[in-house]
Amino acid sequence: MNTLQESTQAPRIAGWLLAPLAWLLMTLLSSTIALAIYLMMLISPESHRLMSAQGPKMVIFWYTSIACAIAMWGYTMWLTIAFFKRRKNVVRHYILWLLLSVLLAIKTFAFSPVSDTLALRQLMFPLLAAALLVPYLKRSSRVKQTFIKP
């Protein structure tokens, strides 16, 4: 191999970069499972009957939740692929993705009919991830050297 090629080769994903990658992969897995549950409910006639009985407002909220889940799953999938390809724009999109995760957790806390304990637990993990990962992604020289491909 040429020494010029070796110097421009991005380092492999290792070290502390495994933490944001693990968070991304776990979120992709959990959102895939959640999406599968939504889709199973979508094809169930019993779910439609129960939803209709609660009124049109509930049906709109339910379909809005499905649309948000599909959009977030797609963005997570795209970001995972870009992460493995070590694209230059990964850091910016990862931070945006974390912000969206926090906003969706706040939406759950504010608007969903779940207990405050459960909503706070769901809010705590995205907030903790954002608090730990954003400074690392913004300041780490390893991150700057890894994500260099256009």
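Where is the place of Val 114? Val 114 sits in the loop between α5 and α6, helices here being DSSP runs of H or I with at least four residues, numbered from the N terminus. This is a predicted model, so local features need pLDDT of at least 70, side-chain atom pairs count only at pLDDT 80 or more, and totals for chains, interfaces and linings use all residues. Residues are numbered from 1 along each chain as its sequence is written, and side-chain values use heavy atoms, with hydrogens and water left out.

Val 114 comes out as partly exposed, at 34% relative accessibility (buried is under 20% relative accessible area, exposed is over 50%, and partly exposed is in between, with a 1.4 Å probe and protein chains only). Setting aside neighbours within four places in sequence, Val 114 is in contact (heavy atoms within 4.5 Å) with Thr 108 and Ala 119. Its C-alpha atom is 30 Å from that of Trp 78, 36 residues away along the chain.

Beyond neighbours within four places in sequence, the contacts of Phe 83 include Ile 13, Leu 17, Tyr 94 and Phe 147.

Helix α2 also holds Ser 31, which is buried at 15% relative accessible area. A polar atom of the Ser 31 side chain lies 3.1 Å from the backbone oxygen of Leu 28.

Conventions:
Helices (H or I, at least four residues) and strands (E, at least two) are DSSP runs, numbered from the N terminus. A polar contact is a pair of N or O atoms within 3.5 Å; within protein, one must be able to donate a hydrogen and the other to accept it, and residues adjacent in sequence count only if both atoms are side-chain atoms.
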